[in-house]
Amino acid sequence: MADPKLRILVVDDFSTMRRIVRNLLKELGFTNVDEAEDGAIALQKLQGGGFEFVVTDWNMPNMDGLTLLQTIRATPTLKHLPVLMITAEAKKENIIAAAQAGASGYIVKPFTAGTLSEKLNKIFEKMGMA
Amino acid sequence: MSDFGGMEDLLQDFLQEAHDLLSDVDNKLVELEKTPDDRGLLNDIFRGFPTVKGGAGFLNASELVTLCHLTENLFDRLRNGELELNPELMDVIMAATNGVREMFNELGQMVQPQAADPQVIAALRGALDGTPSVPSQGVAEPPASAKASADDPAPVSIGVSGEPDWGKLQSAVTGGAAADGEFIAKEEPVPVASVPKAIEKSAALVPPNSQAPSPFGRRTTDRPGGQATSARRTEERGRENTIRVDTARLDQVLNLSGEIGLTKNRLTSLRADILAGKNDSETLHALDQAVSQLDLLVSDLQNSVMKTRMQPIGRLFQKYPRIARDLARQLGKDVELVLSGEETEVDKTMIEDLADPLIHLIRNAVDHGVELPADRQASGKPVKSLVRLEARQEGDHIVLIIADDGKGMSPERIRAKAIEKGLINEEEANTLDERQSLNLIFLPGFSTMEKVSDVSGRGVGMDVVKTNIQKLNGSVEIRSEQGKGSVFIISLPLTLAILPVLLVLLGDQPFALPLSMVREILPIDRERIQEVGGKETLVVRGEVLPVVTLARLLGWPLEQPPEYGVFMQTAERSFILGVDSFAGRDDAVIKSLEDFKPKGVAGVTTLSNGQIVLILDMKELLSDLGMRTDVGGGGRMLEFT
């Protein structure tokens with residue numbers, strides 16, 4: 001189990017979805033969660049520092065999740081951040097695009113706390129955070 | 001019982017957000033019809049569907065997921081230029097969004113939505129199949145056969161457990177970077193020609209009908225029987241009981257209540273001083289100041305609290321362009337609904353109660369107001385008709401305007417129709433001026449078109465519009481110019497919480513009358529009262545008005561003839577209300593009487609001296625009288641406001 005104090009940013013334009021993800025994270029013991037409404041706002045918050053994990057939706061206005069991911073990977077101070085992509089799609093090209101852009105994981109809506117935990121643990125393992 | 005045990009909160013949030021989203025999509029669709037190639041617009045619309053789909057997935061609303069999924073695929077093709085938008089496709093899209101809205105309504109009643117209209121689903125699939133199929137499609141789309149089965153728990157949630165091994169995929173794509181625990185994509189990604197195969201393989205491990213775990217432990221099969229559902233649908237059409245408030249406004253309320261707390265402390269200490277016998281001018285001055293301050297703060301607080309209930313009327317307006325568009329299309333008309341003043345703020349209850357009257361007036365404008373394109377051309381008008389829906393604040397009133405540039409209304413035809421329907425007789429018709437003639441359309445049972453129920457109707461007439469507006473203490477006015485169009489002007493008070501009243505006295509007992517009905521106050525000279533058909537009447541500036549005493553309305557014994565008359569004007573009639581005296585006007589804060597409701601009493605209010613006063617519901621009192629045909633002399637009163 002990773003540090004429950006892990007500072008997580010949940011990015012989604014749909015506030016109900018942010019709430020769902022937040023609740024699921026809470027169920028897994030992660031309470032240090034902040035929210036952003038789109039990629040642009042997320043990037044601002046991330047550049048403010050302090051975040052250790054990003055969970056982002058794909059489809060968003062202003063800056064979508066993929067662009068956010070690419071920007072994170074292209075920013076020296078942020079590129080190490082693990083990014084879990086949440087989408088409503090299980091389409092091949094989306095999965096490939098996310099992988100190419102350097103997503104740390106990919107999860108399809110709807111999911112349970114169990115699935116989320118599994119995905120998170122895989123990422124933690126790889127990062128040596130477990 | 002609900003299908004959403006433990007998820008009601010989530011459902012409410014979802015619905016509120018999703019409704020806004022859908023209204024936005026609807027408006028963009030109307031815009032899209034004008035500019036079908038606007039990629040930005042297509043993108044915006046597309047985005048709505050995965051969002052709703054995602055939320056619906058968590059609520060196990062599998063039918064909604066399916067419908068959104070198909071629509072989303074369609075928009076994906078459109079925005080990528082793989083499909084082109086044409087009117088037929090637009091109809092399919094509109095039908096799909098209607099389906100989504102219906103499902104929201106079902107969800108609103110805590111029922112899992114039924115499957116979408118099979119025709120809509122078929123049309124969507126047909127539109128998607130109309131082009132060379134894209135390889136990606138099969139992954140997420142459930143087989144058609146799975147659809148038919150109602151026991152299928154979550155047809156589209158494949159992939160929850162069925163996606164490819166991420167590590168392997170990523171190393172395939174990024175050339176092994178991920179396998180090292182590094183999460184940085186290579187600057188030049190390795191060509192991925194071989195990757196789709198790898199995915200196909202892993203995706204194939206998942207049967208297309210995989211029983212994905214149900215996120216919240218409930219299955220759609222728990223849905224109650226169809227009949228029970230529809231019964232509940234009508235029963236539970238409740239109102240939204242949550243409200244979104246700008247935090248700045250809440251902060252202001254908090255701030256003011258804090259200040260009031262401080263002032264209260266000051267008063268408490270002053271009271272202690274005064275009770276201890278300290279009553280020098282300094283103490284009294286301090287008391288005066290504290291009370292004045294409290295006065296100010298309380299009225300500020302009242303204002304701020306009222307503001308938390310205020311919502312921009314745009315939230316209501318945004319539903320209408322789509323309704324106008326659908327109706328115009330159905331009627332073969334070319335209509336654009338132009339909105340303005342969406343930011344105007346209106347009390348939340350009022351917004352809800354305005355929804356139906358406004359829909360009716362808009363439908364009325366599109367259906368009866370504007371002409372067919374050919375007729376417009378013939379009379380030299382632009383083919384496209386404009387219907388304007390406007391809101392603005394004028395002083396302490398909200399004014400709503402529904403205007404069309406159609407053919408206008410003919411007072412003669414309206415009068416003829418009213419006579420034909422037996423609503424008035426010829427004699428009465430002859431006494432009506434233009435304004436009064438137009439107002440005839442608000443009479444129950446009036447409608448100028450036989451086929452009214454098909455389109456404008458829902459079986460609701462203009463009389464219901466008027467009644468609903470009056471319930472909100474508002475009024476409707478019609479202006480119409482033949483050949484140029486008609487305008488409906490709705491005027492509403494800013495809030496329902498405070499009612500300006502006139503206080504009248506019967507003996508020593510005060511009663512409050514809604515000031516909106518009071519035209520003027522006049523002394524009653526017993527000698528000028530004339531008996532017409534055994535009823536007392538008074539001639540005011542040539543108008544013969546019946547005199548009704550408040551005592552009689554209330555069933556009190558008449559102890560003395562009334563000294564004053566209040567010229568009252570309601571929707572149906574004007575009359576003089578005889579009272580003993582006046583106590584002035586007041587802004588009453590209405591308290592409703594819970595549990596019991598005496599006839600003719602709208603509520604109670606408290607006067608500054610602590611006395612409790614009944615606020616009279618004139619309409620109810622009069623309806624009682626109306627049945628005994630006490631009012632109005634021989635003929636029916638025909639004065640419309």
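A residue is buried if 20 or more other C-beta atoms lie within 10 Å of its own, exposed if 12 or fewer, and partly exposed in between, with C-beta atoms placed from the backbone. These legends describe a predicted model, in which local features need pLDDT of at least 70, side-chain atom pairs count only at pLDDT 80 or more, and totals for chains, interfaces and linings use all residues. Residues are numbered from 1 along each chain as its sequence is written, while chains are lettered from A and ligands numbered from 1 in the order in which they are written.

**View 1. B:Leu294 sits in helix α12 (residues 281-308) of chain B.** Helices (H or I, at least four residues) and strands (E, at least two) are DSSP runs, numbered from the N terminus. B:Leu294 counts as partly exposed because 16 other C-beta atoms lie within 10 Å. Leaving aside neighbours within four places in sequence, B:Leu294 is in contact with B:Ile260 and B:Thr263. Contact here means that the C-beta atoms of two residues, placed from the backbone, lie within 7 Å. B:Lys264 is 30 residues away along the chain, yet its C-alpha atom and that of B:Leu294 are separated by 7.8 Å.

**View 2. A:Asp57 belongs to strand β3 (residues 53-57) of chain A.** An unreviewed UniProt entry annotates A:Asp57 as "modified residue: 4-aspartylphosphate". Such annotations may be inferred rather than shown by experiment; positions are given in the numbering used here, and feature names are shortened. A:Asp57 is buried, because 27 other C-beta atoms lie within 10 Å. Beyond four places in sequence, its contacts include A:Asp12, A:Asp13 and A:Thr87.

**View 3. Helix α1 (residues 15-27) of chain A meets helix α1 (residues 8-34) of chain B.** Their axes come within 8 Å and cross at roughly 150°. The two helices are therefore roughly antiparallel. Axes are lines fitted to C-alpha atoms, for helices over the stretch in contact, and angles run from 0 to 180 degrees between N-to-C directions. From α1(A), the contact uses A:Ser15, A:Thr16, A:Arg19 and A:Ile20. From α1(B) come B:Leu10, B:Asp13, B:Phe14 and B:Glu17. These residues divide into three nonpolar, two polar and three charged.

**View 4. Five strands of chain B form an open, mixed sheet.** The order is β2-β4-β5-β7-β6. Strands pair if DSSP finds at least two bridges between them. β2 (335-340) and β6 (475-481) stand at the edges with a single partner strand each, so one side of each has no neighbour in the sheet. Neighbouring strands are turned by 15° against each other on average, direction ignored. Strands β4 (residues 385-394) and β5 (residues 397-404) of chain B run antiparallel, joined by eight bridges. Here B:Leu389 stands opposite B:Ile402. Helix α15 (residues 348-369) of chain B lies across β2, β4, β5 and β7 (485-493), at about 20° to β5(B).

**View 5. Strand β8 (residues 498-506) of chain B pairs with strand β16 (residues 581-589) of chain B.** This pairing is antiparallel and spans eight bridges. B:Val504 faces B:Phe582 across it. Six bridges also join β8(B) to strand β9 (residues 509-514) of chain B, again running antiparallel. B:Leu503 stands opposite B:Ala512 there. The hairpin of β8(B) and β9(B) has two residues between the strands, and B:Gly507 takes a positive phi near 65°.

Definitions and conventions: Parallel < 35°, antiparallel > 145°, perpendicular 65-115°, else oblique. Nonpolar A, V, L, I, M, F, W, Y, C, P; charged D, E, K, R; others polar.
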